[in-house]
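This report works through one protein chain, from its overall architecture to individual residues. Please keep the sequence and the coordinates at hand while reading.

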Amino acid sequence: MAVTTKQMYLSSLPTTSGTLYTVTLGSTAVCTNIVICNSNATAITFYLNFNSQPFAYALSVAANTTITWDVKIALTSAQTITGYASNSAVYAMISGVEIS
């Protein structure tokens with residue numbers, strides 16, 4: 001059994017719902033950290049789902065603000081992390097481990 005540290009997502013969030021990460025077939029993943037950075041001069045709204053279940057739903061982030069979560073969210077083979085934001089100046093850094 002191999003445990004691999006993963007950068008699950010590191011980019012600006014799309015402005016329409018999209019897949020940010022998909023667990024490799026035959027593996028399990030555990031998301032451990034989420035960072036959302038709004039580099040915009042105004043507040044934004046963002047959405048983040050784990051396997052179609054809302055984690056952050058229409059969450060507002062103030063201008064020039066970064067929020068962080070330390071979490072332990074397990075996902076099984078082929079499950080996804082999806083999300084989007086109201087502005088493309090919002091960056092997400094999602095990390096964890098994948099077990100195969």
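The text below takes up the fold, the strand pairing, the core and then selected residues.

**Overall architecture**

The model discussed here is a predicted one. Its secondary structure consists of eight strands and zero helices, and along the sequence the elements accordingly follow the pattern β-β-β-β-β-β-β-β. The radius of gyration of the protein is 13 Å, close to the 13 Å that the globule rule gives for 100 residues, so the protein is as compact as a globular protein of that length. Along the principal axes, the C-alpha trace spans about 45 × 20 × 20 Å.

Among the contacts with a separation of 6 or more, 77% are accounted for by residues 24 or more positions apart.

**Strand pairing**

Strands of a sheet pair through backbone hydrogen bonds, either parallel or antiparallel. In this model, an open sheet of four strands has the order β1-β8-β3-β6, and the pairing within it is antiparallel. Its edge strands are β1 (3–12) and β6, each of which pairs on one side only. Neighbouring strands of this sheet are turned by 15 degrees against each other on average, direction ignored.

Inside that order, strand β3 (residues 28–38) and strand β8 (residues 90–99) pair in the antiparallel sense over ten bridges, and V30 stands opposite V97 in β8. Strands β4 and β5 also run antiparallel and are joined by six bridges; here F46 stands opposite L59 in β5. The hairpin formed by β4 and β5 has two residues between the strands, and N51 in this hairpin takes a positive phi near 50 degrees.

**Positive phi values in the loops**

Which other residues, apart from glycine, take a positive phi? One of them is S52, with a phi near 70 degrees, and another is N64, whose phi is near 50 degrees. S52 is found in the loop between β4 (44–50) and β5, whereas N64 lies in the loop between β5 and β6 (65–75). With a relative accessibility of 60%, S52 counts as exposed, and N64, at 58%, likewise counts as exposed.

**The nonpolar core**

The largest nonpolar core holds 24 residues, of which L13, F46, L48, I81 and I94 touch the most other members. At least two residues of this core are supplied by each of β1, β2 (18–22), β3, β4, β5, β6, β7 (80–85) and β8. Leaving aside neighbours within four places in sequence, I81 is in contact with M8, G18, T19, L20, Y21, L48, N49, F50, L75 and I94; L48 and I94 in this list are also among the core residues that touch the most other members.

| Residue | Relative accessibility | Class |
|---|---|---|
| I44 | 2% | buried |
| T80 | 18% | buried |
| L59 | 31% | partly exposed |

T80 has its place in strand β7. With a relative accessibility of 18%, T80 counts as buried because the limit for that class is under 20%. Beyond its neighbours within four places in sequence, T80 is in contact with T19, Y21, T22, N49, F50, N51 and L75.

I44 has its place in strand β4, and at 2% relative accessibility it counts as buried. Its contacts, again leaving aside neighbours within four places in sequence, are with N38, L59, S60, V61, S86, N87 and V90. The C-alpha atoms of I44 and T16, which are 28 residues apart along the chain, are separated by 14 Å.

L59 is found in strand β5 (residues 53–61), and its relative accessibility of 31% makes it partly exposed. Which residues does L59 contact, leaving aside its neighbours within four places in sequence? They are I44, T45, F46, I67 and W69, and F46 is also the residue that stands opposite L59 in the strand pairing. L59 and V3, by contrast, are 56 residues apart in sequence and 32 Å apart in space, taken from C-alpha to C-alpha.

Methods. Residues are numbered from 1 along each chain as its sequence is written. This is a predicted model: local features need pLDDT of at least 70, side-chain atom pairs count only at pLDDT 80 or more; totals for chains, interfaces and linings use all residues. Side-chain values use heavy atoms; hydrogens and water are left out. Buried means under 20% relative accessible area, exposed over 50%, partly exposed in between (1.4 Å probe, protein chains only). Contact means heavy atoms within 4.5 Å. Two strands pair if DSSP finds at least two bridges between them. Axes are lines fitted to C-alpha atoms, for helices over the stretch in contact, and angles run from 0 to 180 degrees between N-to-C directions. A nonpolar core is a set of buried Ala, Val, Leu, Ile, Met, Phe, Trp, Tyr and Cys residues joined through side-chain atoms within 4.5 Å. The radius of gyration is taken over C-alpha atoms; the globule rule is 2.2 Å times the number of residues to the power 0.38.
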